[in-house]
Amino acid sequence: MPPLEAHKDPELESLVQKLSAAIHSDHLANIWEGCRMPGQRSIAELHDQLLSVLFPGVFGLESVAEAGLNNHLRATLDALYAHLSQCIALALDFSARQGGVLPSTHPDNPCAAYEGEAKTIAREVLFDFPQLRSILSEDLVAAYEGDPAASSVGEVLLSYPCVQAIATHRIAHALYTRKVPILPRMLSEVAHSRTGIDIHPGATIGPGFFIDHGTGVVIGETTVIGRHVKLYQGVTLGARSFDKDDQGLPIKGIKRHPNIEDHVTIYAGATILGGDTTIGKNSVVGGSCWVTTSIPPNTVVMSERAKLRHR
Amino acid sequence: MPPLEAHKDPELESLVQKLSAAIHSDHLANIWEGCRMPGQRSIAELHDQLLSVLFPGVFGLESVAEAGLNNHLRATLDALYAHLSQCIALALDFSARQGGVLPSTHPDNPCAAYEGEAKTIAREVLFDFPQLRSILSEDLVAAYEGDPAASSVGEVLLSYPCVQAIATHRIAHALYTRKVPILPRMLSEVAHSRTGIDIHPGATIGPGFFIDHGTGVVIGETTVIGRHVKLYQGVTLGARSFDKDDQGLPIKGIKRHPNIEDHVTIYAGATILGGDTTIGKNSVVGGSCWVTTSIPPNTVVMSERAKLRHR
Amino acid sequence: MPPLEAHKDPELESLVQKLSAAIHSDHLANIWEGCRMPGQRSIAELHDQLLSVLFPGVFGLESVAEAGLNNHLRATLDALYAHLSQCIALALDFSARQGGVLPSTHPDNPCAAYEGEAKTIAREVLFDFPQLRSILSEDLVAAYEGDPAASSVGEVLLSYPCVQAIATHRIAHALYTRKVPILPRMLSEVAHSRTGIDIHPGATIGPGFFIDHGTGVVIGETTVIGRHVKLYQGVTLGARSFDKDDQGLPIKGIKRHPNIEDHVTIYAGATILGGDTTIGKNSVVGGSCWVTTSIPPNTVVMSERAKLRHR
């Protein structure tokens, strides 16, 4: 943008100065200064590129015909590799400056120092995609088999919000395990915004995972979920409480969220809390249950329902 | 897209081959191949065209002035009729190939065989619109009369998420009752993504329907809702459980969701389950109630609240 | 748009006439006629302009470098001031015609009569922004300190949905307190659609406010929230019931929603109802609690959990 002259309207110009001062002078000014990360809309575009490689034609405008598949993949991967590498480099820079608090050492090209590392990580993650695609196929089949309203696996692929939520999570988790900062969370928020399903990139989730409806689901950072687990809307896999340090701040990096073993089903609105809470394999947690201790395998847990008063 | 040469970067080219193989070789490869449906973003555009005929100017960029109404309708209906017909034809093709599992018989023009049928259905649905518009007016008035925070019916029209959710549902249901596959679900997911309100296209819903706030509402496929029913956020009208066939798969096509009679109000977070559960007319279901048996007419049902422990 | 000729397809032309008649003849026709408000997509653009002044580069495509900050603010404020003034003028016109029921007195330029008043309000609101920015900084720090999963304040800014929800609310509230009709609600719905957090513009909310995850949160019009309050997903701050007038319509404008004092924490899924319900300062309301009477300060309130039945 070429430099603009000051507003002819002196009041608006004074507002520019006041806003600029507010951004600079509050105790968070540096955060903004360090914040060279692409904006949320740009990360949403990266998100859509990533998904269009895993499921060509499903989330965008155009279907992709069989004959054009390899060309679609070539063109998309080319752009994606460049875009993903750049975002990773900026994320590494952002983190090195403690979340943007420290000034950039290379203000004109903040990601220069991280280019090589970023490209290596971007390649590793992209080379995970063939395997991710196979796991996501298991997720699709699990949805079809788990929902009487689904008339085909194709219907699941085209119209179930969990597909986007879980595909995004598997990508974000691949970045998270390679210690890419901030970017995985920005990607998972794109899916959260569109689906109402909030999965922290740190969560470990096995294949054959199905979330029906999904709005309001929250899955915390240190959750571990086995194979062929099924959740409904409004399920929270959360923290019971968290320890605080000497300054009263929550201690980061502790196992705070539950373990869900293979073939568990958790119905709508159930809340399962705590890092040492384990739901044993093949168990079923009924709707709206509140669970803060472990449940053995092969168990059905139902909440004693409050009596209804009729008038 | 003209054929691209292989990547100069041999690693990326090898990734193209691996991804292509993963898409082809897993047991869902055919689903993708058969999936000639337009992508979700394209269906979102169709969705917006449909709504802009029912409520000109409300959901898009521009308001539509009185004098320009008929021209707006002409221009939009022209494009909409073509777009809707094409999507219906592709949906019929998709379903004929069992959700995309079978290869297309006309790979170059998959919807050719369904063009006539699709146009007939598209016309029928569009000719329902004048009546849908009248029913939606009743919905708007019900919202205004049901919410003390609404200062005019116009405010409801412009700013209540239930307007989009219910308008989309009434269109999707008109397609569903004419046995159009997949497309109604894709349309309802557009509204679900934007509003957090998940209404299956199969649900039958009378006029004067109001959902306040709406996030987390789930209304299942075989739900039947009468006239002037009011729901709040987080209400589930769902299935109690479902029968499985010899192979352990849920049996599709059974009445699984409840009946809500005329003038019923259901407060936030209530869960009503089961295909033989009926909430009788004029009844009220209190917030967070869990209901799995029928409630007679003219009854107020409240949950016995859990005692609160103070510390 | 130049006048279009009638459709060559006489059936489609008859549909234009029928739709136009439905829009004109139902008892809500006037609403549409009066509805010169910009469409929802246009208000979403206004929303994004407003946020890009408070947090340059965070929500859009591009990051904004330190050196370009003042130019970014100048260019954005220029466009924003014009856009905001116009929307306020149209909103005042909309309201003067009782929510669009009365015909416009200046159909060719409906906002002419309100131009001066609208510009005054737009300036006042924009001049609130430096102070809003400081309050929002306190919100960001509260989120960082309140969530063990947050590794920096910058991560909160870039990836927490509550940032958008709360920033939008603080702007919408500044318009609401200046009695701008309809526009604040349309803005808050943009944020609700993207975050699942539904805050009525009328709610009064102190600094240091944090909502974690957020999907399903509903905060009613007359809620009053103190300083450093923390909410989790699915919390409702709502009305217990509402009085009706002689015609059975809910009476508008009564205090219906609760008061939450300083340093209160409310866990996921709790419901707090009633205009005379106050949660005293430093108190904690446990997950899924149902609260309809006041809680004294310094109190922890937990729900007696329903027993779980194992099978």
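Author: What follows is a set of questions and answers on a predicted model.

Reader: Why is Tyr160(A) called buried?

Author: Buried means under 20% relative accessible area. Tyr160(A) has 4% relative accessibility, so Tyr160(A) counts as buried. Tyr160(A) is found in the loop between α7 (153-159) and α8 (161-177) of chain A.

Reader: Which residues does Tyr160(A) touch, leaving out those up to four places away in sequence?

Author: Contact means heavy atoms within 4.5 Å. Among the residues that Tyr160(A) touches are Asp147(A), Phe210(A), Asp212(A) and Arg185(B).

Reader: What makes Phe55(A) and Phe59(A) an aromatic pair, and why is the pair called edge-to-face?

Author: The structure holds 9 aromatic pairs over all chains. In the pair of Phe55(A) and Phe59(A), the rings are 6.3 Å apart, centre to centre. Rings pair if their centres lie within 6.5 Å, so these two count as a pair. The angle between their planes is 70 degrees, and planes over 60 degrees apart count as edge-to-face, so that label applies. Both Phe55(A) and Phe59(A) are buried.

Reader: Why is the pair of Tyr160(B) and Phe210(B) called tilted?

Author: The planes of Tyr160(B) and Phe210(B) make an angle of 40 degrees, and the centres are 6.4 Å apart. Under 30 degrees would be stacked and over 60 edge-to-face, so the rest, including this pair, is tilted. Tyr160(B) lies in the loop between α6 (153-159) and α7 (161-177) of chain B, and Phe210(B) lies in strand β3 (residues 210-211) of chain B, so the pair ties together parts that are 50 residues apart in sequence. Both Tyr160(B) and Phe210(B) are buried.

Reader: What makes Asp9(A) a cap of α1(A)?

Author: A side-chain oxygen of Asp9(A) lies 2.9 Å from the backbone nitrogen of Glu11(A), at the N-terminal end of α1(A). A polar contact is a pair of N or O atoms within 3.5 Å, so the distance meets the cut-off. Helix α1 (residues 10-25) of chain A has 16 residues and reaches 22 Å from its first C-alpha to its last, close to the 22 Å expected.

Reader: How do you know that chains B and C are related by a three-fold axis?

Author: A rotation of 120 degrees, with 0.0 Å of shift along its axis, superposes chain C on chain B with an RMSD of 0.0 Å. That is the relation of a three-fold axis.

Reader: How do you know that the copies meet through different surfaces?

Author: Only 3% of the interface residues of chain C are also interface residues in chain B, so the surfaces are different.

Definitions and conventions. Residues numbered from 1 in each chain as written. Chains lettered and ligands numbered in written order. Predicted model: local features only at pLDDT ≥ 70, side-chain atom pairs only at ≥ 80, totals over all residues. Heavy atoms only, no water. Least-squares fit on C-alpha atoms with pLDDT ≥ 70 in both. Phe/Tyr/Trp six-rings, centres within 6.5 Å; stacked < 30°, edge-to-face > 60°. Buried < 20%, exposed > 50% of the residue type's maximum accessible area, 1.4 Å probe, protein only. Helix = DSSP H or I, 4+ residues; strand = E, 2+ residues; numbered from the N terminus. Expected span 1.5 Å × (residues − 1). Polar contact = N/O pair within 3.5 Å; in protein donor to acceptor, adjacent residues only side chain to side chain.
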